[in-house]
Amino acid sequence: MNLPDSIVRFSIMLLFVSITGIPISGQDSGATNDLITRKKRLVLLPTDAPVDTVEKYSIATEVNRSVSSVAAGLGRFEIIDRNDLESILMEQDLALLGLVDDSAAIQIGKIAAADEALRVTVLLFSQKGVPPKSSSDDDDDDDDDDDDDNLGTFFAKALLKGLAKAAVKEVFKGKDEKGKEQYPGNIQTYLSAEIRNIDIETGETLYSFNLSSTHTGGSKGNSRGNTMQKFRRALSSELRKFYKLQSQVVSVNGDELILMLGSEMGLKPGMLFQITQPDRMETWGEFSVDVPGEPVAYAAVGDVAATGNRSKVLRQWGDIEPGYLAKEHVDYLAGLQVDLRPAVMASAMDIGLAFRLRPMRNIDFGLGFRYATADGYPHRLNGGELNIMGGQRLRQSPKVALLPKVEAGVSLFGKRDDEGNDAIVPVPFVAPGLDVEIFSGPKRDYIIGISYRLGGVSDKWVYTPDEGNTQPAKWDGRAPEVDISGIVITVGVRFLVPARVGH
């Protein structure tokens, strides 16, 4: 693909930076304005660990290999692993044996000409068979539970029963009396490891993080493989945080930006960057401090060349100028939305809480909960609502977007029937609609929406007597009809929050 000539000019400047070490920046400030122009050279310190004599398997070896492969796959690291070290140390007539503690990091790192070292330590690794999930565990002692009329007694018994089962499982740990695996087809694997970044010059820890992953199901090999897959996904995110990419805006053309960072540093389409003003130095008398630049936009990487890329602004709340910084945004962002629905037609004012899974992308999904009201003669009814949402975001500009959407859900209202039974009525609905989203900052959006509920009418009241079988509610005349159909107006605010994806 062909990128503008400005990429060529900045590629020459990039070469100048790599030779001279002088950062490209239009402002006097601290090191946070420096561009990430080269790969970090890391030596992965060897780790010895016992090997399973039955399966000839070392979890430490596999974890080290995973760290090496994941880091190399990110494109921003140059990894020197055990194989490389053995070759380098053989040339120096040195042995790798014994050079596995932190004090050896300085010697190994200098010999390998590394910037820093990584030390990987497996904190815990376990595999044991566990009983498959079934309803049988919940059915135990049902006769005793039927006699309970005290909620506290019921929960106390449930707690004691759970503790007893946990104790038994801990004692036997999935083995039978002969030590044979009792549940070989449902193995639970747990892995926990620590990764530390060590300074080559001083041996001090610069950065560290712990990772854990688990999986239950399948044979030992299958369960271990799934656990390692989850571990590698989490590891990729943490390593990106450890060495975040930072670029600079070369040119601005509407909502299209040219950034000086490309595939040579592992850049891929879809990666997210926060555009900020350059950091600056503020001086008060004898004191000088670095002041972080204000964020003004988010942009997603599109076309990628070797040393540059073309990115599209997703949302913007301030002006963007050439020379502004583009800082990699690693955390997954979700949306937490709080909204009100003013009284329209049969409904009174409702309040809701919604989760938006992909507020930064075009296709979005969500889950919502509401305190709902409805008109149920002769009194207004109170209830709750659960809904799911799907829609496609149409960006009219980097500051405003339209979100055509469809919601589907069910509202649940309660009322005593004419014989004093506590009755409920489920009211399903489908609601096509449109949201107008206004991007006002890095963490906040304003929402104005309109939708039309289809369905949303029901008079199918039921109650559950002591015997446990659901029965139709008892009414002297016609059952009250609940109607929540029609036009719904929504006004709300959405907060962008980092969401950690489960391991």
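**Strands, rings and a few serines**

Trainee: Which strand does S397 lie in?
Mentor: S397 lies in a strand that covers residues 394-397. Strands here are DSSP runs of E, at least two residues long, numbered from the N terminus. This one is β18.

Trainee: What sort of model is this, and what pLDDT do side-chain atom pairs need?
Mentor: Residues count from 1 along each chain as its sequence is written, and side-chain values use heavy atoms, leaving out hydrogens and water. It's a predicted model, where totals for chains, interfaces and linings use all residues, local features need pLDDT of at least 70, and side-chain atom pairs need pLDDT 80 or more.

Trainee: Is S397 buried, partly exposed or exposed?
Mentor: Go by relative accessible area: under 20% is buried, over 50% is exposed, and in between is partly exposed (1.4 Å probe, protein chains only). S397 comes in at 29%, so it counts as partly exposed.

Trainee: How far apart in space are S397 and I438?
Mentor: Along the sequence, these two residues are 41 positions apart. From C-alpha to C-alpha, S397 and I438 are separated by 9.9 Å.

Trainee: Which residue of β4 is the bridge partner of L118?
Mentor: β3 (residues 116-129) and β4 (residues 187-199) run antiparallel, joined by 13 bridges. In β4, L118 has as its bridge partner N197.

Trainee: What is the relative accessibility of S213?
Mentor: S213 sits in strand β5. S213 counts as buried, since its relative accessibility is 2%.

Trainee: How many aromatic pairs turn up in the whole structure?
Mentor: Phe, Tyr and Trp rings (for Trp, the six-membered one) pair if their centres lie within 6.5 Å; planes under 30 degrees apart are stacked, over 60 edge-to-face, the rest tilted. Searching the whole structure gives a count of seven.

Trainee: What kind of pair do F355 and F369 make?
Mentor: F355 belongs to β15 (350-356) and F369 to β16 (363-376), so their pair ties together parts 14 residues apart in sequence. F355 is partly exposed at 34%, and F369 is partly exposed too, at 39%. The ring centres are 6.3 Å apart and the planes lie at 80°, so the pair is edge-to-face.

Trainee: And W461 with W475: at what angle are their planes?
Mentor: W461 is in the loop between β22 and β23, W475 in the loop between β24 and β25, and the pair links distant parts of the chain, 14 residues apart. W461 is buried at 4%, and W475 is buried as well, at 18%. Their ring centres are 5.7 Å apart, and the pair is edge-to-face because the planes are at 70°.

Notes
Pairing = 2+ DSSP bridges. Helix = DSSP H or I, 4+ residues; strand = E, 2+ residues; numbered from the N terminus.
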